[in-house]
Number of protein chains: 2
Amino acid sequence: MDSRNLPIEKLSFDDCWELLDTDTVGRLAIVVDEHPEIFPVNYVVHLRSIVFRTAPGSKLWGARMERPAALEIDGYDPSSEQAWSVVVRGDTEIIEDQAVRDAVDGLGLEPWQPGEKANYVRLNAKALTGRRFKVNRPDVWNTRLQDRRRASFE
Amino acid sequence: MDSRNLPIEKLSFDDCWELLDTDTVGRLAIVVDEHPEIFPVNYVVHLRSIVFRTAPGSKLWGARMERPAALEIDGYDPSSEQAWSVVVRGDTEIIEDQAVRDAVDGLGLEPWQPGEKANYVRLNAKALTGRRFKVNRPDVWNTRLQDRRRASFE
């Protein structure tokens with residue numbers, strides 16, 4: 001089958017949020033000195049925004065600093081033989097309110113790698129896009145489990 | 001155990017390239033109108049650079065256009081209970097030489113999603129960084145297979 005004729009399905013907002021809810025690791029892209037930076041983050045969904053923790057004092061996430069960012073997740077569903085990806089675009093802000101920090105801690109938020117990650121950063125979604133498509137060689141994709149990763153470092 | 005005291009190991013260039021050689025899907029970050037964009041790509045390593053295919057005519061990858069980009073891969077090794085990530089930073093260029101295109105096709109390069117992807121883009125590495133660390137809750141990570149994804153759409 002020539003998959004160049006296969007459709008790429010656009011996901012609804014609800015589908016996108018459901019996938020974001022069930023995953024725990026995304027990759028965040030930001031712009032630093034006009035160059036793209038990208039790194040994995042553990043995140044939780046809180047009030048239909050993305051929250052993650054980072055190290056304090058970083059030039060990337062100064063207090064009260066807003067910067068545009070994009071978070072991406074992707075995966076593969078063996079039962080439907082479909083791959084998918086979701087991208088959240090928006091601006092980030094530092095969470096100063098301890099009650100909100102406690103709330104996201106209660107959702108299981110942990111940093112992706114060890115080290116002090118005292119900053120809580122929220123990515124407010126301005127745009128949300130998702131796509132899903134049937135792969136042409138599921139035999140290869142089926143070697144992969146559902147991509148659910150979770151690290152807890154406490 | 002308080003994993004905040006666990007070391008984060010920096011990977012050597014050789015380790016980074018070995019991980020890049022064995023993976024096939026990364027996430028590429030670029031800057032568009034001062035905002036970060038991020039999307040998954042199938043890639044191959046060719047002459048110690050990253051090569052992937054994209055749709056032609058896109059504003060992202062005009063002919064002879066160079067732009068800074070960063071590619072990230074990550075994964076988890078159940079045998080050592082370690083997570084890792086590798087980031088390649090550099091500039092991209094369109095590959096015009098058909099012999100080079102044939103060479104990377106021979107390495108199994110396929111686009112991540114269906115559709116015509118006539119552009120071949122090379123990311124020349126200017127900086128290469130990798131990190132690896134032992135996770136604190138391998139029980140959670142062990143649910144995940146080695147993250148080797150490969151889609152072929154021809």
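Q: Which exposed residues does the face of α1(A) turned away from its buried side carry?
A: That face carries A:Glu18 and A:Asp21. Exposed means over 50% relative accessible area, buried under 20%, and partly exposed in between (1.4 Å probe, protein chains only). Helices (H or I, at least four residues) and strands (E, at least two) are DSSP runs, numbered from the N terminus. This is a predicted model, in which local features need pLDDT of at least 70 and side-chain atom pairs count only at pLDDT 80 or more, while totals for chains, interfaces and linings use all residues. Residues are numbered from 1 along each chain as its sequence is written, chains are lettered from A and ligands numbered from 1 in the order in which they are written, and side-chain values use heavy atoms, with hydrogens and water left out.

Q: Which residues of helix α1 of chain A are buried?
A: In α1 (residues 13–22), these are A:Cys16, A:Trp17, A:Leu19 and A:Leu20. Viewed down the axis of α1(A), they fall within an arc of 160° and so line one face of the helix; the arc is that of the directions from the helix axis to the C-beta atoms.

Q: Where do A:Glu37 and B:Arg89 lie?
A: A:Glu37 forms a salt bridge with B:Arg89, with the closest N and O atoms 2.8 Å apart. A:Glu37 lies in strand β3 of chain A and B:Arg89 in strand β6 of chain B, so the pair joins two chains.

Conventions:
Salt bridge = Lys/Arg side-chain N within 4 Å of Asp/Glu carboxyl O.
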